[in-house]
Amino acid sequence: MPDLISGANAPLDAPRVAAAVLCALPADVSALLVGADMRVRSDADLVFYNAPESGGVRWSDGGGGQRIDLDLAAVAADVHAILLVVSLAGAASFGAIPPPRLQLTAEGGRTVAVFTPDGLSSERAIIGLEVYRRGTGWKVRAVGQGYDGGLVDLVTAHGVEVDDPGEQAGSDAAAPPAGMAVGAAVPGAGTPGPDGAPRPNVPYRRDDPARSAASPRPSQQDLPPASPDGEVGYVERAWLVWEDASRSLAAYRSTGEHALTIRNDELTGRVPKGRYQELLDAAAERLNADVGQLRDELVAAEHQASAEIAPFGGVSWLTWQPRADLAEGILLGHLGAPELPGLRVPLILRMPLRRATWISRGVVPGESLVFAWSLVSRLLAAFPPGTVGIDVIDASGLSGAGWLHGFPPATVHHLLGGGVATGPAATERVRRLLDMVDLRMIGGAETETPAAPVSGPPVRLVVVLDAGAALADGDESHQLVRLVEDGPLAGVPVLLVETDTPVPESVRTVRVRQTCHNLPCGEGIVADPWVGGDWTLTPDLLPDAGDGTRAPALFSHLLGEHTRGLVT
């Protein structure tokens, strides 16, 4: 019977489970069926005593307390998770009573998970457990996220529309209001707390606008969807492993912070000695077990990884053959954390590219160029031959990309847009590419692509070197901003690379970087999109890229394949 700590997870091996709660005050139990964005599809996805059933989730009260029954096989495929919620009525808060104890049981009464959230204070509603999809199965996670404003704030945050509950002074906590319906006041609703927001110190946050571009996080739209046939590919497996590792790491760090408060109490004699070390040992044991399981999952799935999502030193590159279709994704590098020395999680950018990508300038000269040409090489490998070309724009002309002019004339003309565009030619190249984007966006059906004003393959990868210089010119850079925002969805993905010129601090720069995937060029920090934890990204680089000012062998080979594909 797993006794979970906040953020920890465990597999569910039972198709039917029931959730109940033990609480010192009368408490309402409810459930939210949410998608991958953690929002309900409609108000019908809130299950409680006045709307007791929805798609495999049923509320009941048999006299022994409220419970939520889950028939996981009957849950709709577009439901990513089921949030199990506990709320108090009236002005009571969880900080005034012993913490509630949530229990998940399988048929026959077998307990499969227990969670007792700690650290609660002014919260009047909490997400206790999350039952979520994991590949073809399900897992349960201990959450413990609280809301001072009660159930109204909680369900509103997840997309349920709720009428103004009004004042509830003197409400009877023991008797739920009668006649409630979705769209009306939620059980236990009252006046929101001082901030009306979730507790900021819990490891369950889907978004954090306070994070700067220096600690970028992938967007929710980057997360791979569940495979419709139930099969889990390598790209989806890598993202699932990263999610579980992020939550396990957040739980471990949260336990460490809590243990420090226990240690202070031990030093002052308020509690017996030993609990601090006991908490740390249990958290470390749990983390090591999770890491071992996740590492085994990655190893077992490695045979599915094609060259585009494998390290450059892997054997799959030795046997690479041109593709007949678009690859599922490209490998950016590997993620790690100091607490997880035995786990390297591949960070894979899903194809086709829906957003531009920004590579920050590194400490070592040429570092960002090496990463850029490594990614360009992977993108060439990800497309069938003859379907993608490259437009290199270097406004300052100082990024050392002149080696591109050394390729055969047919390659330079058809695949490289005539070569590196510098000075006034860079402005003209951006304008011509924008013409292509505008034509495609008004061209009707997606299968109808107007003749491009730029000769060559239909997909044009735009590589903007010295992005700081490109954004410095206010009169011309507005066209680049438009290309960054509109190009990827029109078959013109954009890669911006910081090299020499410092990036101007302007609204324009902020706008561009908010549109992009933001990547460090050396070992840098990337924030995960689930709990906002920091991970160190180690980019996977071409072994012979040097300082980015000469042609790597693999890049030359891939460019040659595309030239032959275009000719044939």
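In helix α6, residues Ala426, Arg429, Val430, Leu433, Leu434, Met436, Val437 and Arg440 are buried, where buried denotes under 20% relative accessible area with a 1.4 Å probe and protein chains only. Viewed down the axis of α6, these buried residues fall within an arc of 155°, so they line one face of the helix, the arc being that of the directions from the helix axis to the C-beta atoms. Helices (H or I, at least four residues) and strands (E, at least two) are DSSP runs numbered from the N terminus.

The model is predicted, with pLDDT of at least 70 needed for local features and 80 or more for side-chain atom pairs, whereas totals for chains, interfaces and linings use all residues. Residues are numbered from 1 along each chain as its sequence is written, and side-chain values use heavy atoms, without hydrogens and water.

Seven strands form an open sheet of mixed pairing in the order β1-β11-β10-β3-β8-β7-β6, two strands being paired if DSSP finds at least two bridges between them. Strands β1 (3-4) and β6 (53-54) stand at the edges with a single partner strand each, so one side of each is left without a neighbour in the sheet. Strand β1 runs parallel to β11 (residues 111-115), to which two bridges join it, and Leu4 has Phe115 of β11 as its bridge partner.

Key: Buried < 20%, exposed > 50% of the residue type's maximum accessible area, 1.4 Å probe, protein only.
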